[in-house]
Amino acid sequence: MSPFPIPTESRFHLNPPGSSKDNDDPMPPPAKEAPKKEFVHPKAKHAKKQAIRDAYAIEPISAFYIFLGANLIAALFAPIQDCDETFNYWEPTHYLSHGYGLQTWEYSPDYAIRNWLYVAIHAIVGNIRRLLPHSNKVAEFYFVRYVLAFVCALSQTLMWRAVCLALNPRIGLFFIVALVFSPGNFHSSTAYLPSSFAMYMGMLGAAAFINWRGGLKTSMAMFYFAIGGVLGWPFAAALCAPFLLEEVFFALVGDKDRFFEAAHRVVRGVVAAGLLVFGDLLVNTFFYRKVEIASWNIVKYNIFSKTGGPELYGTEPWDFYLKNLTLNFNIWFVLALFSLPILLLQKLLSKSADTFQTGFRTVVFLTPFYMWLAIFSLQPHKEERFMYPAYPFLALNAALAIHTLLAAFGNADPKSLVGKIPAKFKLGVVALGLLLSTAIGLARIYGLYTAYSAPLSIYKPLFEAGGEGDTVCFGKDWYRFPSSYFLPRDMHAKFIRSEFRGLLPGEFSEAGTGFGLFSGTWLPTSGLNDRNEEDPGKYVDPKTCVFLVDTQFPEQQKDLDWKAPPNEPDFVADTEHWEIVNCEKFLDPASTSFLARALWLPDWEIIPEKFRRKWGRHCLLKRKQ
């Protein structure tokens with residue numbers, strides 16, 4: 001039986017509203033009776049629910065709530081994984097909403113490689129929270145995350161729905177499990193990053209491409225991918241390539257009418273994308289005060305840069321993503337990686353009567369993940385967030401793979417080797433595998449939260465202990481700063497010198513009178529460059545700091561050879577000049593084994609010492625008077 005069910009059409013026969021009478025008819029029209037509520041037999045209701053279960057396995061609203069629940073947990077507890085999220089997105093958003101913030105070189109009008117429309121949308125969302133009771137900047141931060149959780153859940157549900165309709169409800173169920181229990185979804189679902197936004201739009205675009213019921217939706221799908229590429233991350237638009245090639249292939253092998261219909265759909269999608277680029281250009285022209293296409297500037301810098309490009313910020317070996325995806329998806333990544341060989345083997349060994357179109361479409365669905373993994377594994381500069389747009393496709397590949405394996409594993413033919421295995425034993429093996437995968441995923445999620453959540457919680461005392469105009473300084477912990485949303489109004493973040501020798505952010509200009517709205521987005525900047533070269537002008541004297549954030553690792557200091565670097569003294573231990581305001585546990589990764597870093601392990605006596613997590617403390621300090 002084909003995994004692509006043939007759509008059935010429901011026809012609703014509507015009775016005409018009744019013929020009108022001639023004007024000379026002496027009889028007045030009969031009074032309209034109040035509409036009677038149609039009686040629906042309980043069995044009919046049950047049949048409707050059964051039809052929904054047959055199509056989706058669970059009701060769509062239930063799937064949405066499952067996705068939303070997982071995403072809200074991420075919104076509440078997920079640490080900020082990447083300092084790019086803080087400095088390239090939260091800080092510009094804080095500037096638009098509150099008039100000040102830190103500015104990276106990407107937002108300098110000299111380079112203009114960041115999209116102000118994307119930031120402005122999030123600033124509007126945050127400002128909505130300011131209209132509600134008990135508002136403060138921390139509440140704005142989490143409100144934006146809650147909205148991201150909702151948008152992500154809606155996108156996930158629509159892609160799940162398309163998978164159920166086009167493939168199989170069981171594949172849809174595995175798609176849910178692969179996402180909601182994965183650390184990858186915990187990181188990406190509510191991250192304020194263009195790669196997460198591109199992931200949302202990629203799911204909507206894939207849903208439109210996959211589901212052919214009601215007609216092909218190529219134009220709509222292209223527009224979704226264009227939104228993800230133009231407003232978010234331009235490289236993510238490449239994920240629609242396999243679906244467009246599918247459209248072209250069937251147009252070429254079809255008749256003339258089909259060819260022209262396909263061409264019309266593609267042209268409409270291109271025109272819609274062009275209008276989007278034009279609208280984006282207008283917004284960025286307003287902010288930069290010159291004509292800029294930010295998405296093109298990103299591509300130009302990353303591919304055609306003569307100053308070093310992204311490699312300036314570090315390179316990783318070719319297998320970086322293999323290791324990272326194994327941590328974030330465990331068995332689901334392995335299934336995704338082998339999904340195409342599993343499918344091809346199944347086609348070779350089975351006697352299925354599936355059509356060529358069915359098999360071809362399945363290969364198309366599997367292609368985006370492989371394409372994305374291959375392209376980015378070849379790039380020297382690698383970061384975890386670069387994989388975010390491909391996460392839903394990884395889950396889809398894994399769901400297809402396990403569905404295919406279970407179909408073979410569930411063979412009840414007593415003549416076959418698999419058929420001789422007791423059904424309960426097979427069920428137990430499958431259930432045990434899924435439970436183990438879920439347990440590993442949850443252990444990593446909880447481990448990440450308990451290990452690295454301190455930067456989101458140590459600043460609470462500032463709202464009572466801090467004063468207007470105070471500064472909070474960062475040395476070696478500059479990349480752990482969660483954003484100015486965690487500082488009280490008019491309290492600024494500053495940097496002191498550490499051993500880091502790259503370029504730190506500057507500050508948006510706060511010039512007001514005579515410069516118009518958001519002058520910091522277009523006024524000339526100093527000390528910013530695209531070569532990651534240090535600018536000494538970014539540092540302040542530690543003596544000017546009212547507060548300071550520092551992390552202490554006692555386990556490392558036990559080493560007889562340990563000595564604090566010249567520019568990174570142990571401020572926590574300097575009780576002569578600093579007092580502790582608040583400290584939270586923070587994992588010491590250098591002193592903790594790989595297993596304890598990768599997963600949560602309890603601090604029980606039965607756990608060998610080498611497998612226990614070692615702790616430091618992340619502290620907010622205040623200068624003594």
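Tyr459 touches Val472, Phe474, Phe481, Pro482, Phe486, Leu487, Val549 and Leu620, when residues up to four places away in sequence are not counted; contact here means heavy atoms within 4.5 Å. Tyr459 and Leu396 are the residues with the most contacts inside the largest nonpolar core, which has 129 residues. A nonpolar core is a set of buried Ala, Val, Leu, Ile, Met, Phe, Trp, Tyr and Cys residues joined through side-chain atoms within 4.5 Å. Buried stands for under 20% relative accessible area, exposed for over 50%, and partly exposed for values in between, with a 1.4 Å probe and protein chains only. Helix 5 (residues 137-166) gives the largest share of this core, 14 residues. A second, separate core has nine residues, including Ile496, Leu548, Val572 and Cys619. In soluble globular proteins, nonpolar side chains tend to be buried together.

The model is predicted, with local features requiring pLDDT of at least 70 and side-chain atom pairs counting only at pLDDT 80 or more, while totals for chains, interfaces and linings use all residues. Residues are numbered from 1 along each chain as its sequence is written, and side-chain values use heavy atoms, with hydrogens and water left out.

The chain contains 21 helices and seven strands. Helices (H or I, at least four residues) and strands (E, at least two) are DSSP runs, numbered from the N terminus. The chain has 625 residues, of which 49% count as buried. Of the contacts in the chain with a separation of 6 or more, 77% are between residues 24 or more positions apart. The accessible surface of the chain is about 31400 Å², and 64% of this surface belongs to carbon and sulfur atoms. Accessible areas come from the Shrake-Rupley method with a 1.4 Å probe, and for residues only the protein chains shown count as cover.

Two packed helices are described by the angle between their axes and the distance between the axes. Axes are lines fitted to C-alpha atoms, for helices over the stretch in contact, and angles run from 0 to 180 degrees between N-to-C directions. Helix 5 packs with helix 6 (residues 169-180) at an angle of about 150 degrees, and their axes are 7 Å apart. Helix 5 is therefore roughly antiparallel to helix 6; angles under 35 degrees count as roughly parallel, over 145 as roughly antiparallel, 65 to 115 as roughly perpendicular and the rest as oblique. On the side of helix 5, the contact is made by Gln156, Met159, Trp160, Val163 and Cys164, and on the side of helix 6 by Pro169, Ile171, Gly172, Leu173, Phe175, Ile176 and Leu179. Ten residues of this contact between helix 5 and helix 6 are nonpolar, two are polar and none is charged. In this classification Ala, Val, Leu, Ile, Met, Phe, Trp, Tyr, Cys and Pro count as nonpolar, Asp, Glu, Lys and Arg as charged, and the others, Gly among them, as polar.

For helix 8 (residues 194-210) and helix 9 (residues 218-232), the axes come within 8 Å and cross at roughly 175 degrees. Helix 8 and helix 9 are therefore roughly antiparallel. Residues in their contact include Phe197, Met201 and Leu204 of helix 8 and Met222, Phe225 and Leu231 of helix 9. The contact of helix 8 with helix 9 holds 15 nonpolar, five polar and no charged residues. In helix 12 (residues 294-304), the buried residues are Ala294, Ser295, Asn297, Ile298, Val299 and Tyr301. These buried residues of helix 12 pack against helix 9 and helix 11 (256-288).

Several single residues were also examined. Leu448 is part of helix 18 (residues 423-452) and counts as buried, at 6% relative accessibility. Leu448 touches Pro79, His187 and Ser453, leaving out residues up to four places away in sequence. Between Leu448 and Ala598, 150 residues apart in sequence, the C-alpha to C-alpha distance is 8.2 Å.

Glu534 is in the loop between strand 4 (506-507) and strand 5 (547-552), and at 25% relative accessibility Glu534 counts as partly exposed. The C-alpha atoms of Glu534 and Leu503 are separated by 4.4 Å, with the two residues 31 residues apart along the chain.

His134, in the loop between helix 4 (116-130) and helix 5, has a positive phi near 55 degrees and is not a glycine. His134 is exposed, with a relative accessible area of 74%. Ser483, also not a glycine, has a positive phi of about 130 degrees. Ser483 lies in the loop between strand 2 (471-474) and strand 3 (492-495) and is buried, with a relative accessible area of 0%.
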